[in-house]
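Opened a new model today and went through it chain by chain. Notes below, in the order I looked things up.

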Amino acid sequence: MSMQSNLDTLYRQVIMDHYKNPRNRGELDENDALTINMNNPSCGDRIQLHLQVENDQVVDAKFTGEGCSISLSSASMMTDTVKGKSIEEALEISGIFSEMVQGKEYDDEKYDLGDIEALQGVTKFPARIKCATLAWKAMEKGLDE
Amino acid sequence: MFDVQKVREQFPILHQEVNGHPLVYLDNSATSQKPIQVIEALEEYYNSYNSNVHRGVHTLGSKATDGYEGARDRVQSFINAKNREEIIFTRGTTTALNIVASSYAKAKLNEGDEIVLTPMEHHSNIIPWQQVAKATGAVLKYIPLQPDGTISLEDVEETVTDKTKIVTMVHVSNVLGTMNPVKEVGEIAHNHGAIMIVDGAQSSPHKKVDVQDLNCDFFAFSAHKMCGPTGIGALYGKKELLDDMEPFEFGGEMIDEVGLYESTWKELPYKFEGGTPIIGGAIGFAKAIDYLEEIGLENIEAHEKMLVQYAMERLTEHEDVEVYGPPADQRAGILTFNIKGVHPHDVATVLDSQGVAVRAGHHCARPLMNWLGCTATARASFYLYNTKSDVDAFVDALVTAKEYFGDVYAE
């Protein structure tokens, strides 16, 4: 595959759409929601994730932060995906996502992965995998607690 | 001047394609490439006289010792230190600065003493001092930056007081390319009875350094940024200061007498070089110095100045590219920038797709990023083997990045 088409795979339209028009950008009331701060110390990206969990279910998710198109679009997609999922489901999808961006075999049938699959392009850009996983790591950290 | 094409021939790594384009390596502030002479010196050491130093009676042992100690002489003359024992081999600039923080500052500083530095320091010249402050009760004081990312001597005068025990700063900023007046700052420090420490990681590869002329008390630098191998650097310190310091690491090589409960140390410089030293690294370091001096540090500095001026000139055509730091004639060969509306990671990824290697991120200078008001920047940094056509390829790739993201945004 040429570099140009690799670039196009990395920066798919759906990714740029999430970057330009992020879903769930904002904050949730600290009294109702968990707040998780996560940095990528190697590049300076930072995300603050808010998760509202009720009865083992992610009721709402919002994020703020600064980062590149990949990390912010991934945060946008992640928050969209986990809303309404149980903790177990959210963590399982996170595992699937992690395998996908590392270029491993992943289960694309159990859940409707939707926009998330657009981030597959990062497999060709090893230096950018950490950008894609930042928000997901924050979510895992929050739900593990 | 020198023939850049000839220089390029001596760097095997430059002759390759990356992502279908000829490699344009502009990440020299992170690490430089190595000329064949240095690679061959390492190869020769490991192929024909690898041996431990200072203790073998055998022939290879003395050859290795000659190579290692000869390297110390080379480093001494490179920075014009008065005595060879003032050169301590370290893992690099970070370790060198940590030795001073640990063995000098933690022992000498007391509550209320001041350590003066600047917000443009690399993390390796901030965090050791934060740790010293925590351990001793000393306080950190920052010299404010001018809008163009320089410091003024008036501000230095204002910041340094009789309570100041240490003034430390980068010789050349790894982000802004600012060249600090460390000699003049050192005079101010000395007038108040403080010592002057210079982080020379970004200056030693690119300009002639004379530690006696600078009259600094410590000077730290790394081989890998100046055509040498990774894993080795040097700490220069004035003999009377080093003599008065405790070792940093304890173990083999650095001892005089060892008993069950007490030990004594070797003389300088060996008391600071515990364990088997970085022998191959030192030999490669010396060869890199030979190489740079043959070309001439003044010539290298002039060449980079020409490149950075040319690059800044070309970038004036692009209003949406913001360049940080002082004007071209006052900066080293470092160009830190952002394209408006495009994150530097994304810029660097597109540049890489065109074969152009730049750094994107906070450059281990978070406090400076805060001062600049951004979380990250992209950085192109030049060295002796870069050419004007490298600059052209870089600017062309920036245009590609702008167009690429312009199109993506327009969709």
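Started with chain A: I counted five helices and three strands. This is a predicted model, so I kept that in mind throughout. Reading from the N terminus, I get α-α-β-β-β-α-α-α for chain A.

Along the principal axes, its C-alpha atoms fill a box of roughly 50 × 35 × 25 Å. I also looked up burial: 42% of the 145 residues in chain A count as buried. For contacts in chain A with a separation of 6 or more, 65% are between residues 24 or more positions apart.

Moved on to chain B and its sheet. I found an open sheet of seven strands with mixed pairing, in the order E4-E10-E9-E8-E7-E5-E6. Which strands stand at the edges? They are E4 (87–90) and E6 (139–142) of chain B; each has a single partner strand, so one side of each has no neighbour in the sheet. Ignoring direction, neighbouring strands here are turned by 20 degrees against each other on average.

E4(B) pairs with E10(B), residues 233–237, in the antiparallel sense over four bridges. There I see B:Ile88 opposite B:Leu235.

Last, the helices on this sheet. H4(B), residues 93–108, lies across E4, E7, E8, E9 and E10 of chain B, and runs at about 155 degrees to E9(B). H7(B), residues 182–191, also packs on the sheet, touching E7 and E8 of chain B. Its direction makes about 155 degrees with that of E8(B).

Technical notes. Residues numbered from 1 in each chain as written. Chains lettered and ligands numbered in written order. Predicted model: local features only at pLDDT ≥ 70, side-chain atom pairs only at ≥ 80, totals over all residues. Helix = DSSP H or I, 4+ residues; strand = E, 2+ residues; numbered from the N terminus. Buried ≥ 20, exposed ≤ 12 C-beta atoms within 10 Å, placed from the backbone. Contact = placed C-beta atoms within 7 Å. Pairing = 2+ DSSP bridges. Axes fitted to C-alpha atoms, helices over the stretch in contact; angles between N-to-C directions.
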